[in-house]
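Trainee: Please take a close look at the aromatic rings in this model. I would like the geometry and the cut-offs together.

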Amino acid sequence: MWCLCLFVLVCVASVSAYNVDTQSAVRHTGKQGSMFGFSVAEHKERGASWVLVGAPGAQTNQPGVKFGGAVYMCDINRDDCRPVPFDRNGNLNNSDGTQIDKKSYQWFGATVRSSNGVVLACAPRYVYYAKKLDRRDPVGTCYVARDQLSSFSEFSPCRTQSNWGYHRQGSCQAGLGADISRDGRRLFIGAVGSYYWQGQLHSIDSVARLPFLPPRYTIYHEGQLFSQNTHSRPEVISTNQSEPIEDDSYLGYSVTAGDFSGNGGQNDVALGMPRGAELKGKIVLYTWNAINLENITGEQMGSYFGYSLATADMNGDKLDDLVIGAPLYTDLSNNEGAYETGKIYVVYQEQGTHKFRSVHEREGFKSKSRFGLALCSLADINKDGYGDVAVGAPYDGPNERGIVYIFHGSANGIREKPSQIITTEDIGYPITTFGFSLAGGVDLDGNEYPDVVVGAYESDTSVFLKARPVVKMKASISFQAEQKQIVLEERNCTLKDYTKVACMSLHACLQYDGFGVDENLNFEVQVVLDSKKTKSPRMFFLSEEGRFAKNQTLMLTKEEQKCITMLVYIEPNIRDKLTSLEAELRYGLYGSDSTQSVSSQRRYYRSLTPVLDLNEPLVRKDSISIQKNCGKDNICIPDLRLIVVPSVKRYLLGSGERLVIEVIAQNEGEDAFESTFEMQVPAGVNYINIERVDQEIPVHIISAPSFLNNNTLICDIGNPLPKEKVVNFKVLLQPFHREGIKPRYEFLMSLNSTNAESNRTRSDNIHHLTIPIFVETDLILQGSSHPSEVHYNTTLYTSENIQQESEIGPQVVHIYSIRNKGPSDIVEAEAHFLWPSRTLAGDNLLYLLEQPETSGPIKCDFVKEANALLLKLDRKKKSYLESSGVGFQSRLSSSGSGITIEESSSSSGSRSGVTYSHKESSHSSGRVFTAEERKKFEEAERRREEEEARAETGDGSLRHSKRVKEAQFRFQGNGEIGAGNANWDKGTNSGGRSSSRTNSREKIEGGTGGVEDTNSGRGTKIIERGRVEVSGARPGQKKEFETKLEEDYFKSYGSSQSQSGRRYGGANVEPGVGVSVNRGRYGGNDRRVETSQGRQGSNVETSGGRRTQSESERRNQESHYGGGRQIGGGTVNHTYNRQDHTSTNTTWSSETGGKPVTHTATSWIIDEDGIVRNGSTSNVYEGDANYGRSSGYDTSRSSQRGSATTQNAGGSGYDARVSTQDTRGYE
């Protein structure tokens, strides 16, 4: 019965579990500190199996011996060990009763070996008293046990009377390394300390019975081998002393027996010299009678190459290969600071003279793990016909407790990766130095598989690990289709909903075998369809529609094949036609306990359950491809080409126009499957949609641009995109302004397909498109004055000690606005304002009361001259912006609105009138405007402002009207109109900057003033107007605007600048959008006044009819009030005394087109340079009274105009500049 299952079986090969069973591990323990586990061996004799464990620090029952060491025989099924009585005697004495050796601390059990019923155990630190008992030589000794560990004999080849001393054999420490031939006939004992620690080999017949002292007639000649006749006395063969260069080489440190000559004798031997070959290490191969076969040299100094040795047939060629350990090897190329990772070398025996040349290397994985410190052959532990080996790394593992690696052999030799890794966590015992000693290759539990013994001497522990039987599975799965192809158009199967589909048969077979496995076993089998695409499968079982995987438990019989046939179908309208359809057959043993915990898995029974051979894949596969229009090889190689056409060559930022990119994708090669178009959209561009141009091949959006896909548009343009076909569509995009965007739009577009294209034709699959960005702006600067007119009557401001704001002059507020009519935005802009703050003589003209008022993201430079006289202000920070309802935006956008800056000044009106009354005049009389007259005046002002708003058409007509008005005088309602004689002193300051006027001269003639600039060497004329408008200003563009005034003025300037690095002593505007307000006073009474933006005053040197004069003037004047004066450091050309009674009134209105009408009535007496004249006139005319149009006299006089305009940002001597890229427009 089949059952649905969408999970994957737990049958994937894992190096942490294979056929060495950790669940049934048997732990043997010794006394603490006995070094139990320093060496281990497996012993099997006459059906009895034992684990032999050496404990070189154990205390025995030998009389007078302290911690001489012992060897224990342990039960393989439980923790039951007992010492083997190799030597029950204590220290030996001669016939005189004198002690001749020392067995305390002799390390008996440091080496334990077993082969074919013979056990060899050695004590390398055994001490013999040589040369008349006055020497103590650590000659070492070994014992051999036979007959089920009941018969014992001693072998101490270095214990002689004549060869004492370290320069001979006195320090040979025989038995540190030792082994037994496979037939048990010969003992190979290494003596590392012989001849200045060159080392030595002793080959001894294991059945020999050597007397305690060799007979005196037995002579060892240095440089020779000693051999005894096999009939009269057993053989003892030893190597001779070598050259001094071999001193301290430690020959015999490790020993392994095998067949290294290839003659099948199995009585050859390999000895390690870990300090030989200039500390690189060396392996020396001998025959049983010490004939040197070959030498193998290590690669790294100090790696202790040859510390451990083992023999195994790793490639299954019936020749013994040599496994060499170098536990101190360090990969010097690693940059992680790892050292002593260890390394093993597998040197393969081959036919020929030089047999050992081919080498495989395997390195340790962790620093200080000392991988390769212990080695042992496992024979063929998994019964695959190849030898296997165990490698100990006693300081490896997650807690540095030690690891044992199991490497299986193969036809190519040792496998690349370990087949199993055994840790102390796997066996469930918290022991250390696990893997310090190893033994294997012998089947102790009788299941036909060799077992493993691992020693951990620091924990006084050994662990016996059994091997589980291995099941070898032969499995296959295959599609029953010709040429392994399926034609989607051949729909020969029908679904339940009557849909026709393409289908085929799938065939699966299984068969198992193995040594020691049961005749019948249950297996869990899983079949997965379209295994490459399990998230979106395309193939399903016809019997279970919509199912692509199912499980079944099958019982199989050993060596009998079982097969299953299934019908499968392909889902219609699949997208991926290029990826092959793959079916997988997965299998595992039923009831696998690999996922259980160690404690729950613990098994102590004899028989072990089998395990699948994990060296073979547990998954079988077969695949079938979809037939395509790709020729005989069924391999399609496309040739895609991408053509891109943008709608514009450059894009106007802020225009609001869409950016359209036309895409033409064509395939000039074979079919392109799952072909896609990808376009990375840059920042500042929004994707809208795609628009089809042709309808032959559909285009579908796979994913729209977003931060999840790196803002990439992905479109499906055909699956397949056939040969010689073209796809044409448009991508609609909408650019927008974004902070920090590049000055260009950069698009990266490409065509892709799942079937690879030739490298020769890939270059036209990618297109880089760059569209430059440009901007257009229309920047407008406007300014206005509140009120629009100021009437300044000097008689109202006569205080000499000015302390109040109201005592200095009338107040004016200037409002400036900056607008961008686009279409592009301006992110940053600067506005610079200049205004007349003083006369050339240094007198106050405009007085700045406080810092500019701003609102929004605008910042003006601090004006330190604000309220320099520390006047008491009439109000505290009353917001003109709130009261006037002025708004702002956060940026100079292209919507037409922008920055508004409001400032206050004293005298800035388009009209003003001034009346001066002489104190000495007997006819002086005056009146004040009535309420009706004031109301009429205000109504006329309102109509004028409305007319200005309607007349602002951009054709210059309004400007012309303003120029006319600015040239006229007008008396304000609260001004005093004298009916009698008045003394007039009129003059206007206008023109250049104060710094260049120190040596200027003023000549007043006919009411017109002119300035001669001695610094520049030429006259300078500054034209004044009433209102500022900057139109069409763009980045990098400069416009100059001319203004006109019917009189030429000479003025000194204040200024305002934002972020330009210069300071003019005025208000400052920082780039951005917002509002700034300054307020100030029209300044008279000889006060120095500096104002910010739009503060203008008459700066008349009078105080209640008085003015300061030079001594020469006073001498020529009949009255204290005269017409002569000094302006801006210049001199007056003439003086005169005049007494007159004057009545003057100038008016204009919008009905008259802005033309002024002046009414005058004057009686006068003039003393000019000693000439006295008098008379009277009355007149009505159109024009400005400043031009002296009254009849009855002809005179030139000094005229000071008492009016100034404040509705501008640069008129009347103002300099207004607005820039984004230091762009300036001058007025």
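Mentor: What follows covers aromatic pairs, then charges over rings. The model is predicted: local features need pLDDT of at least 70, side-chain atom pairs count only at pLDDT 80 or more, and totals for chains, interfaces and linings use all residues. Residues are numbered from 1 along each chain as its sequence is written, and side-chain values use heavy atoms, with hydrogens and water left out.

A pair of aromatic rings is described by the distance of the centres and the angle of the planes. Rings of Phe, Tyr and Trp (its six-membered ring) pair if their centres lie within 6.5 Å; planes under 30 degrees apart are stacked, over 60 edge-to-face, and the rest tilted. The structure holds 25 such pairs. One of them joins Phe-540 and Tyr-569. Their centres are 5.8 Å apart, the planes make 40°, and the pair is tilted. Phe-540 lies in strand S38 (residues 539-541) and Tyr-569 in strand S40 (residues 562-570), so the contact ties together parts 29 residues apart in sequence. Strands here are DSSP runs of E, at least two residues, numbered from the N terminus.

Both partners are buried: Phe-540 has 8% relative accessibility, and Tyr-569 has a relative accessible area of 5%. Buried means under 20% relative accessible area (1.4 Å probe, protein chains only).

Elsewhere, Phe-38, Trp-107, Phe-436 and Tyr-457 form one aromatic cluster.

Now the charges. A charge sits over a ring if NZ of Lys or CZ of Arg is within 6 Å of the ring centre and within 35 degrees of the ring normal. Arg-650 places its charged end over the ring of Phe-774, 3.7 Å from the centre. Lys-383 lies over the face of Phe-515, at 6.0 Å from the ring centre.

Notes:
Helices (H or I, at least four residues) and strands (E, at least two) are DSSP runs, numbered from the N terminus. Buried means under 20% relative accessible area, exposed over 50%, partly exposed in between (1.4 Å probe, protein chains only).
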